[in-house]
Structures are given as structure tokens and as C-alpha cells.
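Student: Could we examine this entry through a series of questions, each answered from the model itself?

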Amino acid sequence: MIRATLLALMTLSAAATAQQVPDQATAKRLLFSARGAQLAIVQEPFLSEADIATLRELPKIAQMKYYGALAVDPAQGLQSQATRGAFNFHSIEAARAAAISGCGASCRIVAEIRPRGYAEGRALTLNQDASGAVEGRNFGRAGADAALAVSPSTGAWGLGSGGQAAIATCETEGAGDCEVAVAP
């Protein structure tokens, strides 16, 4: 009896999880466009006017994909070896965490790379490359059961014919936490 109840609960849980994964058409409506990103400078008291001017120039000299963040150690300044950027993650929170992790606990986020028209609260966020894959023809080329898997912590992603194939492709990028984000 207990075993049957546990199996039923596991089946219901799996079904509920599967229902939360959008198909390609729904994902397209939920995602920001892959056509462009914008730099948002986070005003910190330790940033000089020259630092802010440098940050404003970054999009002209470097291609930074959303979601991204730049972390700086206030004691060392913007142009130090401690400064770390994390780009092309699946959420702004993951990009912030990666930038701080690379820079150090005392570091502060001074810039973020967001999709054009960014607003918090989207039910689905993917990095710029994965968003482009969902928008474009490559998604359908993965097969009749095309699925996209992502690593929430690294920004890795992969397409495949079915969820397991998408997860396997994502894991080839070195990620160990891949999960299906878009399914047939």
C-alpha cells in the first residue's frame, strides 16, 4: 500500500514537472528576443567618472551576451586583476553569482548585461544563444521531439531529439546540472 502510494505521488510529481516545461511556441512568447542586449551600470560609490565612462564603452569593444554581470573589488578598483565578468548565463541571478564567485566575497556588481526590454519576473529566461536557438530553425532541426536543456549554474545548453538527448548534449559542455527547459 505504501509503495503504491509513493509510486502514485512520484508519477503525479513527474507529470506536474513535465507540464511546467513549455513547448517551443510557448517558450518563444516567454523569452526576450535574442536580437540584442543592453548594458546597465550599477552605480557604486567607489566608481569614478572615468570608471563609469569605461563601463559605457564596453559594448563598443566587446561582445557581451545576456545575461551577464561584471564584479569589481572596491578596494582594488575596476581595472584590477580581481575584476570578473560572467556572460551568457540563463538568468541575471546566475550571472551575478558567477561574477561574484570569480571575483571574491568583497566584490560588488557594477554592470549587468540584460536583454533589450528587460523586465523582471519572466517565467522562462535563457541566455542569448539558447534564446536564439528557440527562436530559430535549429530547434526544429533537432528532430520531431526537439528539446532544449540548460544548466542553470553555468549557462551551458544543448538541443536534442527528446529530453534525455538534450540533457546529454548540455552535459558535453561540462555541466552537471542540466535540465529540460523547452520540450515538444
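Student: How many nonpolar, polar and charged residues does the lining of the largest pocket have?
Tutor: In this predicted model, a pocket is an open set of 1 Å grid points over the protein atoms alone, with protein on both sides within 12 Å along at least five of seven lines, and lining residues have an atom within 4 Å of a point. Ala, Val, Leu, Ile, Met, Phe, Trp, Tyr, Cys and Pro count as nonpolar, Asp, Glu, Lys and Arg as charged, and the others, Gly among them, as polar. By class, the lining of the largest pocket divides into nine nonpolar, four polar and one charged.

Student: What is the volume of the largest pocket, and which residues are closest to its centre?
Tutor: The volume, taken as the space filled by probe spheres set on grid points joined across faces, edges and corners, is about 220 Å³ for the largest pocket. Of its 14 lining residues, the closest to the centre are Ala-123, Leu-124, Thr-125, Glu-179 and Ala-181.

Student: Which strand gives the most to the lining of the largest pocket?
Tutor: Helices (H or I, at least four residues) and strands (E, at least two) are DSSP runs numbered from the N terminus. With three residues, the element that gives the most to this lining is strand 7 (residues 179-182).

Student: Which elements give two or more residues to the lining of the largest cavity?
Tutor: A cavity is a set of grid points where a 1.4 Å probe fits but cannot get out, and the structure holds one of 30 Å³ or more. The lining of the largest cavity includes Leu-39, Met-64, Phe-87 and Glu-112. Two or more lining residues come from each of strand 2 (68-72) and strand 4 (108-115).

Student: What pattern do the disulfides follow?
Tutor: A search of the whole structure finds two disulfides, each a pair of cysteine sulfur atoms within 2.5 Å. One joins Cys-103 to Cys-107 at 2.0 Å from S to S, and the other joins Cys-170 to Cys-178 with the sulfur atoms 2.1 Å apart. With bonded cysteines counted along the chain, the pattern is 1-2, 3-4.

Student: Why is the disulfide of Cys-103 and Cys-107 assigned its hand, and what is that hand?
Tutor: Both Cys-103 and Cys-107 are buried (under 20% relative accessible area, with exposed over 50% and partly exposed in between; 1.4 Å probe, protein chains only). Because the torsion about their S-S bond is about -70 degrees, the disulfide is left-handed.

Student: Where is Asp-23 found, and which residues does Asp-23 touch?
Tutor: Asp-23 is in the loop between helix 1 (2-20) and helix 2 (24-30), and its 34% relative accessibility makes it partly exposed. Leaving out residues up to four places away in sequence, its contacts (heavy atoms within 4.5 Å) are Val-182, Ala-183 and Pro-184.

Student: Is Ser-131 buried or exposed?
Tutor: Ser-131 lies in helix 5 (residues 128-135). Not counting residues up to four places away in sequence, Ser-131 touches Leu-31, Phe-32, Ala-34, Tyr-66 and Leu-126. At 1% relative accessibility, Ser-131 counts as buried.

Student: What pLDDT does the protein average, and where is the pLDDT below 50?
Tutor: Local features need pLDDT of at least 70 and side-chain atom pairs count only at 80 or more, while totals for chains, interfaces and linings use all residues. Residues are numbered from 1 along each chain as its sequence is written, and side-chain values use heavy atoms, with hydrogens and water left out. The average pLDDT (the predictor's confidence in each residue, from 0 to 100) is 89, and 90% of the residues score at least 70.
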